[in-house]
Amino acid sequence: MLKRKLAMILALSTLMATVGTININADDTIGNSSQEDIPSIIDVINLKNYILSGEQYASKYDYNQDGDVDYTDLMSLKKEIFNEPNSSDTQVMTEVTEVDTLNQDMKANILDFSIDFLKRQVEEDENAILSPQSLYFALGMTVNGAKGITQKELKDVLYKDVSTEEFNNNISYLINQTDTDVCKIANSIWVRESDDFGLNEDFQNYSEKYFKSEIYQQPFDSILVSDVNNWVDEHTDGMIDKVLDDVPSEQTIMYLINAICFEGKWEQEYDEYSINENGIFTNSKGEQQEVAMLYSQEDVYLSDDNAQGFLKYYDGGKYAFMGILPNSDISVEEYLSNLDGESFAYLYNNQVTENMELNVSIPEFTIKSDYLLNDTLQDMGINSAFNYSADFSGMLTKNIEMYISKVIQKAYIQVDRNGTKAAAVTVITNECCCVPEGIQYYNVYLNRPFIYAIVDTDTELPVFMGVVNSIDSQDTE
């Protein structure tokens, strides 16, 4: 008997924060730069540049008439222009409240986010591997430092049906439930060492309490690059050894990093006779590819009107590989176009476990993906965070404006007879057999394009998701 060892290592999400500036003449008068009585975005740009210029006090820029021209004036101006709520309208963070189950509205929000993320990243005839949960945790860390419209947009995308307090409490529960010997979660926040600012105390406290974040404050030099990469290497068991190549620019203020590392063995190992070295996979273009195919009998059959699938459990039963095979007349892309959180939950829970025999196959495959997620996240509804209207003023002791300049995710998965290895990095840069009668017989052979997920069977949420359209196409750029 061959020992089948599953090692699934996934998900590293990094958020980098830097200050971004726009060079526009600062001599224009507030409220009149666009020759209108109503303040406009041009006024925000002019005021920002005036503050950065360090010029002497000018009453025309003292928007809140307190005798100083500073970022409080900028915040007041932005609130009026962007209709941002006052700070009193922003969720006030409270002590962690223990919850003993995942809020059902929160669960639905996470499922919607996960499926929406997958759908937007899958391209026709391309393979995919990604971690919606890693991205969710990474974005989630920004919530408690965001205010106004920025926090509202994050809320609408991440947790629209619950309060920020409930979001934090459920995040704490989810991390505690997911963080096991099989699946490990780590978060860290890296802040540039400066005499001018530090990490906001509330933001730090709740990052530590809710996200179990490790906090580091140091110069952003070559040592920082080494330290971050070593942290990444350690928390992904060496599957991802680097996320930073160069010393950060002077604008870089902060990195927020999430790592998920999954390693487990199949509950039922493969026997040698269960492996067909010359199996056939028919790719999305109709071409046949020779591949090692792994055969087994499983206990949970899944189906909906347009697909059938199965669960194959890892040792301990908390996690399972979920294979989804669309009907032969439906492509992966067509199936995904009609998939959402609710229909995914229906498929997962529409289980047949009795009076049936289920034969399945999984091909050995390797996939690499590399995505730029700016457009995806903006299409999902996170917009202000990517421009000068971003408000992350709750992150630092000094109100330094930060905005997201780039979000990427790199991921890797390898499934073979010796197990599965996978890794992902998300970097968010903020600048700042005869069947007896009555027995139903099912065959689900993943020998043509399919969708897969690694699912937490307790929360019923996908930790990793992906698509296999072709066996020999390994890189998605």
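Is lysine 318 buried or exposed? Lysine 318 is buried, with a relative accessible area of 16%. Buried here means under 20% relative accessible area, exposed means over 50%, and partly exposed lies in between (1.4 Å probe, protein chains only). The model is predicted, so local features need pLDDT of at least 70 and side-chain atom pairs count only at pLDDT 80 or more, while totals for chains, interfaces and linings use all residues. Residues are numbered from 1 along each chain as its sequence is written, and side-chain values use heavy atoms, with hydrogens and water left out.

Lysine 318 takes part in salt bridges. A salt bridge is a side-chain nitrogen of Lys or Arg within 4 Å of a carboxyl oxygen of Asp or Glu. One partner is aspartate 456, with the closest N and O atoms 3.0 Å apart. Aspartate 456 is buried, as is lysine 318. The salt bridge to aspartate 458 has its closest N and O atoms 3.1 Å apart. Shared partners join Lys318, Asp456 and Asp458 into one network. Side chains of opposite charge can pair when their charged atoms come close.

The structure holds seven salt bridges. Another of them links the side chains of lysine 107 and glutamate 460, at 2.9 Å from N to O. Lysine 107 is buried, with a relative accessible area of 13%. Glutamate 460 counts as partly exposed, at 21% relative accessibility.

Lysine 107 is also among the buried residues of helix H3. Helices (H or I, at least four residues) and strands (E, at least two) are DSSP runs, numbered from the N terminus. H3 has 18 residues. From its first C-alpha to its last, H3 reaches 26 Å, close to the 26 Å expected at 1.5 Å a residue. The expected span is 1.5 Å times one less than the number of residues. Asparagine 103 caps the N-terminal end of H3. A side-chain oxygen of asparagine 103 lies 2.8 Å from the backbone nitrogen of aspartate 105.

The buried residues of H3 include Met106, Ile110, Phe113 and Leu118. Serine 114 is buried, with a relative accessible area of 1%. Not counting residues up to four places away in sequence, serine 114 touches Pro132, Pro462 and Met465. Such a contact means heavy atoms within 4.5 Å.

The largest nonpolar core has 113 residues. A nonpolar core is a set of buried Ala, Val, Leu, Ile, Met, Phe, Trp, Tyr and Cys residues joined through side-chain atoms within 4.5 Å. Met254, Phe321, Met322 and Leu396 touch the most other members of this core. Helix H3 (residues 104-121) gives the most to the core, with seven residues. A second, separate core of 14 residues includes Leu224, Trp231, Leu244 and Ala259.

Leucine 396 has contacts with Val191, Phe197, Ile253 and Met402, among others. Phenylalanine 197 lies in the loop between E3 and helix H7 (201-211). Phenylalanine 197 counts as buried, at 9% relative accessibility. Among the residues that phenylalanine 197 touches are Arg192, Gln217, Leu396 and Ile400. The C-alpha atoms of phenylalanine 197 and asparagine 399 are separated by 8.5 Å, although the two are 202 residues apart along the chain.

Strand E3 (residues 183-192) is mostly covered, with nine of its ten residues buried. Two strands pair if DSSP finds at least two bridges between them. E3 and strand E5 (residues 252-262) run antiparallel and are joined by nine bridges. Here serine 188 stands opposite isoleucine 257. With strand E4 (residues 213-218), E3 pairs in the parallel sense over six bridges. In this pair asparagine 187 stands opposite serine 213.

An open sheet of seven strands has the order E2-E18-E17-E10-E9-E8-E11, with antiparallel pairing. Its edge strands are E2 (128-130) and E11 (351-352), and each pairs on one side only. Within the sheet, strand E9 (residues 307-313) and strand E10 (residues 319-326) run antiparallel, joined by seven bridges. Leucine 311 has methionine 322, in E10, as its bridge partner. Methionine 322 is also one of the core residues that touch the most other members.

Methods: Polar contact = N/O pair within 3.5 Å; in protein donor to acceptor, adjacent residues only side chain to side chain.
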